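Hello,

Here is the structure we talked about handing over. Please open it alongside this note; my findings follow below.

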Amino acid sequence: VDRSAYETVVDEAALDRWIAEARAKGVVAIDTETDCIDCVVANLAGISLATEPGKACYIPVAHSGADLLSDPPNQLDKGEVLARLKPLLEDPAVLKVGHNLKYDWVMFAKLGIDIAPYDDTLVMSFDLDAGRSGHGLDELAKTWFDHECIAFKSVCGTGQKQITFDKVPLPQATEYAAEDADICLRLWRKLKPRLAREGTSQV
């Protein structure tokens, strides 16, 4: 996993290139980053995409400065990003892959986007290996790829010094968010063939 290869998308040409790439592949891993863990009240900070292993990006849409005196970073308008992504995320010809996709589904539904069709690698992992002790993305990355994902606390901190993700500088935010989409797609490629081979279907 080469995190330095991930791209921060801050212009429309780059966004359109990623959308075209996803359409060409017919499958794209997606992940949302927000300002809190409760999807009902959370606000979208950015979206990550992966189109093949090692090829992933982060699209910031609502990052702010580190404090009230800091200017927000250069990023695309959230409404414009969502308008361009909506046809892709609702396209029946492009499979969307996520881990614990229910969270992302709620986030997008609040913004008027109905993701379909989709696979959820969390559900797939549970169906195939229900006896496994955990099905979190970080644990599965270690199990399947012997890879240590960036810890959330390493980018957002802990305790009184913890910040919300929308305040994380874009280079660090990109590495963290794009890695999640990248690992999710790699995991899907491992698990998907097993569903038919082992006679398991997602619930």
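**Aromatic residues**

Y58 and F165 are both buried. Keep in mind that this is a predicted model. The two rings form an edge-to-face pair, because their planes meet at 85 degrees, over the 60 that sets this class, with the centres 6.1 Å apart. Y58 sits in strand 4 (residues 55–60). F165 sits in the loop between helix 6 (152–156) and helix 7 (170–197). The pair therefore ties together parts that are 107 residues apart in sequence.

F165 also pairs with Y176. Here the centres are 5.6 Å apart and the planes stand at 45 degrees, a tilted arrangement. Y176 belongs to helix 7, eleven residues from F165, and the pair links distant parts of the chain. Both F165 and Y176 are buried.

The structure holds three aromatic pairs. Ring pairs join Y58, F152, F165 and Y176 into a cluster.

**T34**

F165 turns up again here, as one of the residues that T34 touches. T34 is in strand 2. Is T34 buried or exposed? Its relative accessible area is 10%, under the 20% cut-off, so T34 counts as buried.

The side chain of T34 has two polar contacts to look at. One goes to the backbone oxygen of C36, at 2.7 Å. The other joins the side chains of T34 and Y103, at 2.6 Å. Leaving out residues up to four places away in sequence, T34 touches A42, N43, L44, A45, Y103, M107 and F165.

**Strand 5 and its neighbours**

Which strands pair with strand 5? Strand 2 (residues 27–34) is one of them, and the two run parallel over three bridges. In that pairing, V28 stands opposite K96. Strand 6 (residues 118–120) is another, again parallel and again with three bridges.

Strand 5 covers residues 95–98, and both of its faces are covered. On one side L95 and V97 are buried.

Strand 5, helix 3 and strand 6 make a right-handed β-α-β unit. Y103, the side-chain partner of T34, falls within the residue range of helix 3.

Over to you.

Best regards

Note on methods: Residues are numbered from 1 along each chain as its sequence is written. This is a predicted model: local features need pLDDT of at least 70, side-chain atom pairs count only at pLDDT 80 or more; totals for chains, interfaces and linings use all residues. Side-chain values use heavy atoms; hydrogens and water are left out. Buried means under 20% relative accessible area, exposed over 50%, partly exposed in between (1.4 Å probe, protein chains only). Helices (H or I, at least four residues) and strands (E, at least two) are DSSP runs, numbered from the N terminus. Two strands pair if DSSP finds at least two bridges between them. A crossover is right-handed if, with the strands pointing away from the viewer, the path from the first strand over the helix to the second runs clockwise. A polar contact is a pair of N or O atoms within 3.5 Å; within protein, one must be able to donate a hydrogen and the other to accept it, and residues adjacent in sequence count only if both atoms are side-chain atoms. Contact means heavy atoms within 4.5 Å. Rings of Phe, Tyr and Trp (its six-membered ring) pair if their centres lie within 6.5 Å; planes under 30 degrees apart count as stacked, over 60 as edge-to-face and the rest as tilted.
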